[in-house]
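Q: Could you walk me through this structure, taking one feature at a time, with the general idea before the particular case?

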Amino acid sequence: MSIQIRMVHASHDPQLAHRLQAQQLACYQNFAVQGVAKTVRDDDVVGSGIHHVVAEDHRGVAVGALRIHVRSNIHPLPVERAIPEVGMLHRSLQQRYVDGIAEYTGLWVVDEYRGRGLSTILVCIALACCPLLRAFNGVAFTHHHLSFWKPLGFEVDQTIGGVVYPDSRYRSSVLWIDTATLGDTAPAYRRMIHAIRAALSQHQPIYWHPDDDVPTPMQVYLGAQAATSQTRLVLGEAHLPH
């Protein structure tokens, strides 16, 4: 059954934003990194410049989500508060600020859909929408396997290196991406992201259908849910198990 994925401005539906935060915390508890979710401030959930990419099943129940934080002079990014002592991070942010910066954070997926490509689709949709938000640089701060992020076009900031975060078990990296050109993004993902971006600009709904047998190909449907009016994008070049 298809999963609908939509963008929600946090201030437009604060109750949903708080429910998503509670679900993120519950998900992170399964991996003993709940401290990351617990430290999220209320203005990181519903503040201005925050959008949620949320995946919902046929009942309208969220099964995965991530947050997009658009940086402003009065709203620093979560990564800035997480590692305030890293001077090279602030230098990188200042260099990119004129073109707009968005951070992708709080990614989670319920157990039923882990390993089936939903995390990848959530990030693709976040990348698709960022130029529409005037954020032409993307940043992530993650201890996820870099093999998840690299095909999507993210590059590790080598000037910062591995950072001990969220605790001594992990080395996290700062990753950057040019959301306009997607120059380092694998071609199949680039095509999908551009198509999703066009659909978002036209306010078309987006659906994702997981393959029942294997994690790929991943199928994204753009447009009306009726099969006769859908455009289907199939991605089958990479298996990203998150």
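Q: How many bridges join β9 to strand β10, and which way do they run?
A: Helices (H or I, at least four residues) and strands (E, at least two) are DSSP runs numbered from the N terminus, and two strands pair if DSSP finds at least two bridges between them. In this predicted model, four bridges join β9 to β10 (residues 218-222), and the two run antiparallel, with Tyr-207 standing opposite Tyr-221 in β10. On β9 (residues 206-209) there are also three bridges to β1 (residues 3-9), again antiparallel, and there Ile-3 stands opposite Trp-208.

Q: What is the volume of the second largest pocket, and which residues are closest to its centre?
A: Rolling a probe the size of a water molecule over the atoms shows where empty space is left. On a 1 Å grid over the protein atoms alone, a pocket is an open set of points where a 1.4 Å probe fits, with protein on both sides within 12 Å along at least five of seven lines, and lining residues have an atom within 4 Å of a point. The second largest pocket has a volume of about 290 Å³, and of its 13 lining residues the closest to the centre are Met-7, Cys-129, Leu-132, Leu-200 and His-203. β1 gives the most to this lining, with three residues, while α7 (187-201) supplies at least two.

Q: What is the average pLDDT of the protein?
A: The predictor's confidence in each residue, pLDDT, runs from 0 to 100; here the average is 84, and 86% of the residues score at least 70. Over residues 238-242 the pLDDT is below 50. Where pLDDT is low, the predicted coordinates should not be read in detail.

Key. Residues numbered from 1 in each chain as written. Predicted model: local features only at pLDDT ≥ 70, side-chain atom pairs only at ≥ 80, totals over all residues. Heavy atoms only, no water. Contact = heavy atoms within 4.5 Å. Points joined across faces, edges and corners; volume = space filled by probe spheres on them.
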